[in-house]
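Biologist: Can you take me through this model? I'd like to start with charged pairs, then look at strands.

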Amino acid sequence: WLKPFRLRGSSLPRSHTTSPIFPAMAEPAAKKARTEEVSAEDAEMAVEAEDALAASEREEDAKVDTSPKIKETVVFHTQDTTMNVMQSEHGNMLVPLTEGGLQFLLAGARASVGIKSGRYAFEMRVIEVMSPLQEGPAKAKTPQPPQQLRVGFSTASSSLFVSDDAESICFDAEGSLIHDKKKTKACEKKVNVVDAVVTVLLNLDEASPNANTISLFSDGRRVCPPQPLPESLKGKALFPVLTFKNVTVHYNFGPTLEAPLPFKCCSIQEASAKDVVVNPAPKSTKHEVLFPICLPDEGTFDWLDMFLEKNPQYTELSDRAILNWCQKSGIVRQKGYEARVSNDKIDMSFGVPSLDDGSIRRTLQAIAPIQDRNYVVMEVKSNLVKEERKALLSQWAGPGFKKVAEVMFGEPTASFKSQVQEALLREKQAKCDAEFKKKQEEDKRKRQLEQKQKELAKAKAKNLKMQKKKAEEAKKKLEIEKKKREAAAKGEEYVEEEEEQPEQKEESEEEAEAKEEEPAEVEPPKAELTDEEKKVCFRKRAVADLTSYVLNTSFTKFSAPDVDEGFDEVKYNWLKQDKAQQHLKNWISERKNTTRVEDLKPGEWFLAKSRDWAKTLAAWHSKQNNYKTAVAKKAADKAAKQAKAAAAKAAREKAAALKKAAEERKAAEAAAAGGGAIEDAKDEADKQEPEKPAEDEPMEEAAEEKDDSFEKLDVYGVSDVTDVANGQPLFSEFGFEDWAMMGLRVELTLIAHAFKRDSGDDDRLGIHVDHLAFYYQKYYKKHINFKFYGVDSMAELLQLVRETLIVSKQGKVVEPQVPDDIESFSIFSMLTEEARRDRLRRVDLGDESAKLNVHTAQAQGIAPASVLRPASAAIPAGPVAPAAGGFRPIAPVGGPALIRPSNWQKW
């Protein structure tokens, strides 16, 4: 590990010697330029400040202590460092990894010896500043500058990222003191951590004037006053801790300090045994690699959190751990750290390529087997699938690790359930507290608003009173002036009368109406679990362990582990092996009927049936159109014949009228000429009268009796639905909504039958009603549109075709009532015609609910089956064979489920 590094005093590459956070590492020319910018007065003030600190030094020389010293060497155990920290074999150096996205992550290390009393110090120095590749977006999303350093003390159970919680305290290179994520200014200027030796002093000596303080020194000179320890750290053993990024750190725990302090002080290495706590080095036995095997959302990460709390020496390997590491490193995530699609595989979404492309995961997988650690490999899905388990195990093929499978299937232990109940109660209490606080704030806002309104009303009343008083004074002044003028006009002297002024007490702010007292603080109500909540074994998290797609495509491959796979040991923690395996089998069986087959593809049977239906549908549409055309032509011919007969009759009536008028005119002329002339006129008229035309053939009756034979037709007794009588098809009266409903019946029936074939799993009883829309899209390449059929849900849609499909009470599976071995689609036209007649009868009786609300205007791509056909189904050319005869179902449409006759397939 020493090869890539340069020790102090050697010439470092230019890219490794400049950093805005470490000005002492700059080039001499730049350093000289900055020095010249500092005025002599500022430099003098800085020197005076340091002298003042030195003059006020209250630390005294350490007394001679003859008690036994610690025998263990103060080191950094591997388990007490982050995975990106590499320790040099010689030279006491900590080196962070800076490849594959690790250059953006903080590194942390905690020493093996903690101080519980006395006064001791340790030293550190930066010997190399690294400048790894910074991608463009990274500068805006990661803390700048890219080099970071914090040094201080923490408890043994605190985070390795010092200052991340209330269990640690530290100084940073900016000269600030940080505790519990709160930063305060401690030093007058930045601390030189490169060219200088930085010393951190912890004083826990109760007899010292600086007891319970932490101090910082640079090259032996104090750079800040002693800083008091927070109450949360007093009385606890505190361990030296470093948090850094992109710098190589040299540390010195003693026994001799490189930069002597103004007073004699012992290093941690020469501390008295009674003043320290030593964390022993791990035993030299094999390290364990645990593979938790839990069913999704059944205590997976809750078990892991409980395990890590009891066993902090284990390191978690998971996407969740990487995401938490990024959060503690201060990296900005676009959607926040709560946004994720699953807990198992997390889309990082940082907008930085090396953080989003899985580089960190791959790098950690590569270095994990070469570090002496205990690991927990948390892969929810991969740990459940045999092939993927073997791939994970192959990474730990070395002899230094014991591979253990921890199986958690079925009902958990009492202790686990107890901790889950406690977690549920904490969540419920937190929610209750938040609601209570919100209500308190709202009440406070209302009180403040009411108080403000009262103050405004009071100020308004006071203002009106002052105006009234001023008006009275002005009026009184005018009256006095008038009296003076009147007295002057009379030559008299006006003597102003003295009036007794009533004592007016000005209301001071103190004497004003007292404000309403603030209500006493009320404790939030205590939350309690309900009886149902007390029965819960597994806590439901906001995000599922696996996405629906991953779960649906993999759960059939889930299996229990076996020693033959490469495990050194398989532990069944909740149920015994046989019961655990039976529980897994039952779990898989239950989900087969409630989960979707994501990778389902339509099979040949469905494609063939779809082509047949498309062909039949086109032929039926053509048959209906031809029949309607013939009926329309017959009606037009009849209307034309009737119009011709009516015109002939009108012509005859007109001719008779003209003849009668002529006769009357001649009769009148003959009367005027005399009687003989009348007789002569009659004879002449008789001679000139044309022969009567032959009588026309009798016309067809204007109104024929209505033929109601079609309405009385038994739809289930028809042998050929395309010609029930005189070329009339059974579907001759179908409207747009009838074609749509018939198409829906066929489509849903086909996919219900096709699913059993295409799923290839006899354990799947059928399509769950909640997934019918999903499979509709899979088979027909379009979404089913409830609004088109005038309904809002799948249950309402199935109610429209209840004589064709039903939903089983047990399992909620869609069951088709028409068998899959029918020879033609005639039965669907019969069912639709019967439904049409039943609907018309109910509407005639006043049942408005019987009307269909199918929309005639439909957007492209979501039309019903009568308009669109499956993308894979083409209409083949050729004539359509007429349907064979069939038998009538026993139950009527709209009633209970159909009972299939023995020869149903003839339809």
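Biologist: How many salt bridges does the structure hold?
Modeller: The structure holds 46 salt bridges. Each is a side-chain nitrogen of Lys or Arg within 4 Å of a carboxyl oxygen of Asp or Glu. This is a predicted model: local features need pLDDT of at least 70, side-chain atom pairs count only at pLDDT 80 or more, and totals for chains, interfaces and linings use all residues. Residues are numbered from 1 along each chain as its sequence is written, and side-chain values use heavy atoms, without hydrogens and water.

Biologist: What does Asp-305 meet in a salt bridge?
Modeller: Arg-541, at 3.4 Å, N to O. Asp-305 sits in helix H4 (residues 300–310) and Arg-541 in the loop between helix H10 (531–534) and helix H11 (548–554), so the pair ties together parts 236 residues apart in sequence. Helices (H or I, at least four residues) and strands (E, at least two) are DSSP runs, numbered from the N terminus.

Biologist: And Arg-539, which side chain does that one meet?
Modeller: Glu-427, at 2.3 Å, N to O. That pair links distant parts of the chain too: Arg-539 is in the loop between H10 and H11, Glu-427 in helix H9 (residues 414–489), 112 residues apart.

Biologist: Is Arg-539 buried or exposed?
Modeller: Arg-539 is buried, with a relative accessible area of 17%. Glu-427 is partly exposed at 37%. Buried means under 20% relative accessible area, exposed over 50%, partly exposed in between (1.4 Å probe, protein chains only).

Biologist: Which residues do shared partners join into one network?
Modeller: Asp-302, Asp-305, Glu-316, Arg-320, Glu-427, Arg-539 and Arg-541.

Biologist: Switching to strands. How many residues of E14 are buried?
Modeller: Seven of seven, in strand E14 (residues 239–245). Phe-239, Val-241, Thr-243 and Lys-245 point one way, and Pro-240, Leu-242 and Phe-244 the other.

Biologist: Which strands pair with E14?
Modeller: Among them, strand E3 (residues 107–110) joins E14 by four bridges, antiparallel. Strand E6 (residues 148–154) also pairs antiparallel with E14, over seven bridges. Two strands pair if DSSP finds at least two bridges between them. Ala-109 has Leu-242 as its bridge partner in E14, and Gln-148 stands opposite Lys-245.

Biologist: Last one. What does Val-277 touch?
Modeller: Ser-112, Val-113, Gly-114, Lys-116, Ala-237 and Phe-239, leaving out residues up to four places away in sequence. Contact means heavy atoms within 4.5 Å. Val-277 is in strand E17 (residues 276–278) and is partly exposed at 30%.
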